[in-house]
Amino acid sequence: LRRVLLTAMALLGTANVLLAESTSIFDTASYNSEKISEIFLLVLAITGLIFVLVFSAIAVFVVRFRARRSETEDEPEPPQIYGSWPIEIAWTIAPLLIIFVLFLVVVRSVNEQRPTQAPGDAVQVRVIGNQWWWSFEYPELGFITANELHVPLDDTEDPSSVFMQLESADVAHSFWVPRLAGKTDLIPNRINTMWFTPNETGVYYGQCAEYCGTQHSKMLLRVIVETPSEFAAWVENEKKPAVNDPAVADGRALFLEHSCASCHTIRGTNARGTFGPDLTHLMSRQTIGAGAAENNHDNLITWITNPHVFKTGCYMPEMKLTAENVKTVVSYLETLR
Ligand code: CUA
């Protein structure tokens, strides 16, 4: 049965890949999502079996005991049975046992997946949910990035590669990257924890899974799983303060003097705002607006001119700059690699 289910899921998974980037929980790419999909299949197998038994019985009874024309109306009423202790006990105990087994399996998995302490050598990440973007802080490495989480591949036997502490700056959000881990809520005034160990490199798509306001649907995120050496190179670059290219000094000055700097941080400058994403290495990211648009020249121009084109109701204001000034600011931003 398990093999049949897995084959069906694999076919669905393949269809899913053909349609779009996979976000199927059966297309597992981490130790944790494997565990979750195993439990899902176990529950599906048990409940599926019960479904088949109950509906087969119904089908048999419907046919076997249907009213027949040949039966005359003056036939005596069959014996009436009221209650049966053995049956009552059986159908109380059997579901209780099934639920108890599932309960134990789930509790064991939840305990494993939600430790409060970081395992020794895990990469630490502090995730802060904001309306409608993600802040990823690497406290031990000393930098903050946004919306795209880079983590190293870990195919060792001892799974412990990414430990996250999840918080919220405003309302409840939920971190969910289906191929890597289960959902974890980000609750104001509370710290939740989770970990995951990716076992395949690649880009994994996720999104906020708790309704958090108008742009909940565009609170997207990506997890980029890299080989340890690629990850180390990324970390080296992120640690550096922003480049200060004299060729774009005008754009830099505009950014700092205009209100950009009151919401965004660019390390190495006076821009220390925290209301919006850290832009120190903006160009190392694939998207802008938490996955709302691809990160390229034209989209940056549109985003600064009128972010509501991509993300209606987001808190990034229209910057009220002339078209020329927008270009100047973008030319600066494009040096932030
Ligand atoms: Cu954040 Cu939905």
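Before selecting anything, a word on terms: a helix axis here is a line fitted to C-alpha atoms over the stretch in contact, and angles run from 0 to 180 degrees between N-to-C directions. Keep in mind, too, that this is a predicted model.

Start by selecting residues 246-337, which UniProt lists as "domain: Cytochrome c" in an unreviewed entry. Colour that stretch by secondary structure and you'll get 36% helix and 4% strand. Its end C-alpha atoms sit 15 Å apart.

Next, pick helix α5 (residues 249-257) along with α8. Their axes come within 7 Å and cross at roughly 105°. Angles from 65 to 115 degrees count as roughly perpendicular, so that is the label for α5 and α8. Now show side chains: on the α5 side you want Asp250, Gly251, Arg252, Leu254 and Phe255, and they meet Asn325, Thr328, Val329, Ser331 and Tyr332 of α8. By class, this contact has 4 nonpolar, 4 polar and 2 charged residues.

For the side chains here, select His297, Leu300, Ile301, Ile304 and Thr305 in α7; across from them in α8 are Val326, Lys327, Val329, Val330 and Leu333. The α7 contact with α8 splits into 7 nonpolar, 2 polar and 1 charged.

Last stop: click Val329 in α8, which is listed in the contact with α5 and also in the one with α7.

Key. Residues are numbered from 1 along each chain as its sequence is written. This is a predicted model: local features need pLDDT of at least 70, side-chain atom pairs count only at pLDDT 80 or more; totals for chains, interfaces and linings use all residues. Two residues are in contact if their C-beta atoms, placed from the backbone, lie within 7 Å. Helices (H or I, at least four residues) and strands (E, at least two) are DSSP runs, numbered from the N terminus. Ala, Val, Leu, Ile, Met, Phe, Trp, Tyr, Cys and Pro count as nonpolar, Asp, Glu, Lys and Arg as charged, and the others, Gly among them, as polar. UniProt positions are given in the numbering used here, feature names are shortened, and annotations may be inferred rather than shown by experiment. Angles under 35 degrees count as roughly parallel, over 145 as roughly antiparallel, 65 to 115 as roughly perpendicular and the rest as oblique.
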